[in-house]
Amino acid sequence: MGEKNLEIVQDQTATEPNGQISHLALDIGGSLIKSVYFCRSDSSGSGDDQDHECSANGGCAKKRPAIEGSLHFAKLETSKIDQCLETIKSMKLQFNGFVHQNNTIEDNTIKDTSFIKATGGGAHKFADLFKEKLGITLEKEDEMDCLVAGANFLLKAVRQEAFTYIDGVKEFVQIDHNDLYPYLLVNIGSGVSMIKVDGDGLFERVSGTSIGGGTFWGLGNLLTKCKSFDELLELSHRGNHRVIDMLVGDIYGGMDYSKVGLPSRAIASSFGKAISEDKELDDYKPEDIARSLLRMISNNIGQISYLNALRFGLKRIFFGGFFIRGQSYTMDTISVAVNFWSKGEAKAMFLRHEGFLGAMGAFVSYDKQRLDDLLAKESLQLQVRTSPPVDTDYQSPLNGESIENETINCIIHTA
Ligand SMILES: Nc1ncnc2c1ncn2[C@@H]1O[C@H](COP(=O)(O)OP(=O)(O)O)[C@@H](O)[C@H]1O
Ligand SMILES: CC(C)(COP(=O)(O)O)[C@@H](O)C(=O)NCCC(=O)O
């Protein structure tokens, strides 16, 4: 396998995914399949260009061959695995480069020796299916390894990746490459993993909780009869959680419990009012239920995250995972929880490519060593261009800024 490295560049010509796709990585989770793939631009060099590059002082050096193109991000529900297989089959995949040389798809048949990097539980669960239907071997990468590798890569390579979100104000955080570690990475997928990250490949999964994105989606489905996750989120925007949550003021006759620092508006008991009134499920508005549920889960994750940060003396907590979906209410709730419990000591930060950490990690695992060299050059910049959704039935009514189905221009250098 030839050595390659990946450079994210700033230019104005992001490609639509109509060129040749040469590298694909998957993260097949409990709820969603995430993919990151490299699509060569039509004008891109062949990758075996051997020209020389000469500087002003007359010195010439062999130009590093480069393949230009763009990184694409897409997601699909895991329950639609058959659709995922069909899409991969119909993609103009060319397994040159990172994978086996000259291994191309002919007549939609992929040669036996083809493999793609995959992570998440589904890389194990669906390995036989990929082999049987596409003849592709899923080369499994550990999920936690990938989450950390993806987060580290994005934090270092993308200039505006991390941001805080407080009282509706989003502020990008400048990442100092020399002062990134340690931090707590909280990935809110179907369930939640909390990982203490001390460096590249240096980490420990210190905690987790089963009350995560799958809980919100699952309970939300049962309680509101929503058909999709987006519908559930959209409902929650219109709801009022105070109708269902029991507040400190409800218990203390409208007053704060100031002796222990609890304002009257603080939630004393999530869903607590639902038991104290003689009402059935149908008596509650679905939007109020959705709002209360979103708040309960976000608050709980924020609190457990803070407690783990406290355990290890960590000041920075980065939140990823598709549960967040760039939603202001979710991010605000998590930020307030971290701020409240840490008395302002710890900071919640969010990642623009929140749901793609694992897939990005699997993608960069094609080329671990060279990537570190590249990052040391600090020459990476990002160009984000939105491409049409791959998931065609996706029509978000939401105001979030989640990165889905976008492209990033980049160059792969061959050495
Ligand atoms: N379109 C969607 N369909 C289903 N769940 C979604 C969607 N968008 C966001 N989510 C949320 O994201 C969670 C999955 O996040 P993700 O990081 O992809 O985890 P996993 O790897 O477990 O699939 C879901 O449980 C749900 O809360
Ligand atoms: C098992 C998992 C790592 C799978 O990852 P996911 O598909 O949820 O992203 C995750 O769901 C998890 O960490 N659950 C919490 C388990 C616990 O610590 O209690």
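**Surroundings of one residue**

Leaving aside residues up to four places away in sequence, Ala127 touches Gly122, Leu138 and Lys140, where contact means heavy atoms within 4.5 Å. The model is predicted, so that local features need pLDDT of at least 70 and side-chain atom pairs count only at pLDDT 80 or more, whereas totals for chains, interfaces and linings use all residues. Residues are numbered from 1 along each chain as its sequence is written, chains are lettered from A and ligands numbered from 1 in the order in which they are written, and side-chain values use heavy atoms, with hydrogens and water left out.

Ala127 lies in helix 3 (residues 127-134); helices (H or I, at least four residues) and strands (E, at least two) are DSSP runs numbered from the N terminus. Ala127 counts as buried because its relative accessibility is 15%; buried means under 20% relative accessible area, exposed over 50%, and partly exposed in between, with a 1.4 Å probe and protein chains only. Phe153 is 26 residues from Ala127 along the chain, and their C-alpha atoms are separated by 26 Å.

As for the whole, the chain contains twelve helices and 21 strands, and 52% of its 415 residues count as buried. Among contacts with a separation of 6 or more, 70% join residues 24 or more positions apart.

A nonpolar core is a set of buried Ala, Val, Leu, Ile, Met, Phe, Trp, Tyr and Cys residues joined through side-chain atoms within 4.5 Å. The largest such core has 37 residues, of which Leu184, Val186, Ile188, Phe216, Phe319 and Phe350 touch the most other members. Elements giving two or more residues to this core include strand 13 (183-188), helix 9 (286-312) and helix 10 (328-342). Helix 9 gives the most, with eight residues. Phe350 touches Phe163, Phe319, Met331 and Ile334, among others, not counting residues up to four places away in sequence.

Helix 9 and helix 10 pack at an angle of about 40 degrees, with their axes 8 Å apart; axes are lines fitted to C-alpha atoms, for helices over the stretch in contact, and angles run from 0 to 180 degrees between N-to-C directions. Helix 9 and helix 10 are therefore oblique to each other, since angles under 35 degrees count as roughly parallel, over 145 as roughly antiparallel, 65 to 115 as roughly perpendicular and the rest as oblique. Residues in this contact include Leu294 and Tyr306 of helix 9, and Ile334 and Trp341 of helix 10.
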